[in-house]
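Dear colleague,

Please find below the structure that I am handing over to you. My notes on what was found in it follow directly after.

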Amino acid sequence: MNALRQLTLVICLLGLSQTLATAAPPATARPGETFTLPDAAAALSLRDAIDQAMAANVQTLLADARRDEVAGDSREARSAFLPHVSARVSQARRQNNLAAQGLDIQSTLDSLGPAAQNADISVPDVITYNSFDARAELRQNLFDYSAWQQYKSAKLGERVAADQLALAREQVASQAALDYVGALAARASVDAARADLELADRLADLAVDQENVGIATGVDVTRAQTRQARARARLAQSRTDRTRADIRLARTVGLALDTPLVLSDDLHYRAALDGTIAADLDTAYASRAELRLAQGELAVRRAQLAGARGARLPTLSASATYGEAGNTYHENVEDTYTVGAQVEVPIFDGGAINARIDSAASRLDQQRIRYRDTRTQIEQDVRVSRRTLQTLAEQVRAAESAFELANRELDLSRDRFAEGISDNVEVIDAQAALADARNGRVAALADYTRARINLAAALGRAGRFRLYEPATP
């Protein structure tokens with residue numbers, strides 16, 4: 001008996017210590033806080049930006065943490081099929097009013113006859129006594145189809161969480177690549193604005209020289225200086241845009257926002273590989289995390305519907321308790337136990353089961369609609385991305401041609417002005433045309449590279465995008 005009481009006390013203390021440990025977990029570093037920043041002077045490639053974004057971006061960190069949450073839900077659902085063992089020890093002192101409980105013992109004695117009436121028996125109305133109980137309890141579900149489907153749904157939810165993480169990584173990779181291209185385009189715009197300012201400075205000096213020799217007028221000088229001021233303002237705006245692009249890239253990648261970025265890649269034209277829409281669609285359907293996520297959600301909804309229907313089935317469980325009861329832990333102590341089984345059959349619950357079935361069936365129908373829409377969206381992404389890439393490739397070639405022609409036009413107009421054949425109106429116009437062509441060339445290259453990234457994302461391969469590889473991953 002003493003051994004049983006000691007065992008019960010030990011079980012209770014262990015359960016209490018486990019509860020306290022769970023309630024106050026030790027402080028641990030968060031995933032985002034352990035990310036090591038690269039050297040500020042290190043060059044950042046597009047590949048590095050994608051990898052670091054997938055490791056440190058807040059969206060991937062949240063999706064990864066979500067997997068732990070879903071895994072906990074799965075373990076909780078599984079616990080319905082595992083034995084539940086508990087122990088309890090109680091010691092109480094009770095005072096009960098027997099008359100208030102409907103126990104009129106004196107009247108019962110009087111009804112026994114003269115012998116009981118003449119006996120010197122005193123029955124108190126209020127009794128006081130001690131009560132001790134120490135026991136272990138075992139509960140086990142033997143059959144519960146609805147709970148089994150809930151567990152199945154929770155396990156499928158783990159796969160869904162993994163697909164959500166894969167989707168978050170793809171989206172973050174795509175965003176990091178786009179922001180990297182934006183930073184490259186901002187740097188190219190600064191270089192273009194600097195080249196425009198250098199050209200404006202030379203043309204302003206040329207106008208002053210021409211005025212000094214009597215070929216040009218003050219209007220020509222003022223016109224050139226006005227263009228020079230505009231070029232200086234454009235350079236300042238381009239530098240501001242570059243700072244914004246760097247901050248946006250640093251945030252996406254997971255770096256400190258004041259990290260000075262040095263980008264090792266540059267914008268360039270890479271021709272697209274030939275391919276067919278059918279092949280790209282097959283690749284997208286096999287690779288896109290959105291489609292796998294929609295399929296996983298379909299499986300979860302089916303399990304939830306089966307669980308709702310299973311609530312109509314009977315459930316079977318067993319329970320047993322064993323312990324000691326007495327007045328105190330050493331007074332009048334005797335072994336006691338209970339063993340039993342329970343079958344529960346739902347007969348009428350006010351329509352709650354039918355309501356849950358209808359709701360689960362509706363959620364399944366909604367997910368089927370989402371799944372079909374996801375496939376349609378993937379096809380749309382692939383078709384639009386391929387067509388956009390072809391169009392922007394033509395724009396890049398046109399921008400290169402316009403840039404060469406603008407350079408030639410500027411050379412001719414500058415020679416005419418230097419020889420005094422015309423004023424510098426033609427030079428200023430040619431200078432503006434060259435600046436527009438230079439900016440158009442940068443924009444066309446940036447848009448074309450973004451189209452390559454969008455095509456990779458449409459095929460489900462944004463995380464494997466390479467800047468110096470063919471346009472179709």
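Strand β5 (residues 315-326) pairs with β3 in the antiparallel sense, and eleven bridges hold this pairing. Within it, asparagine 141 stands opposite serine 317 in β5. Strand β3 (residues 126-143) is also joined to strand β2 (residues 84-97), by 14 bridges, and these two strands run antiparallel as well. Here asparagine 97 stands opposite valine 126 in β3. Please bear in mind that this is a predicted model.

The second topic is the largest pocket, which has a volume of about 300 Å³. Its lining consists of 14 residues, and Ser153, Ala154, Gly157, Val300 and Gln304 are those that lie nearest the centre. Two or more lining residues come from each of the elements α3 (58-78), α6 (145-212) and α9 (289-310). Of the elements, α6 gives the most to this lining, with seven residues.

Finally, I would draw your attention to alanine 462, found in the segment after α11 (425-458). Is this residue buried or exposed? Alanine 462 counts as buried because its relative accessibility is 2%, and buried means under 20%. Leaving aside residues up to four places away in sequence, alanine 462 touches Ile50, Glu170, Ala173, Ser174, Ala456 and Ala457. Alanine 177 lies 285 residues from alanine 462 along the chain, yet 8.2 Å separates their C-alpha atoms.

With kind regards

Methods
Residues numbered from 1 in each chain as written. Predicted model: local features only at pLDDT ≥ 70, side-chain atom pairs only at ≥ 80, totals over all residues. Heavy atoms only, no water. 1 Å grid on protein atoms, 1.4 Å probe; cavity = no way out; pocket = protein on both sides within 12 Å on 5 of 7 lines; lining within 4 Å. Points joined across faces, edges and corners; volume = space filled by probe spheres on them. Helix = DSSP H or I, 4+ residues; strand = E, 2+ residues; numbered from the N terminus. Buried < 20%, exposed > 50% of the residue type's maximum accessible area, 1.4 Å probe, protein only. Contact = heavy atoms within 4.5 Å. Pairing = 2+ DSSP bridges.
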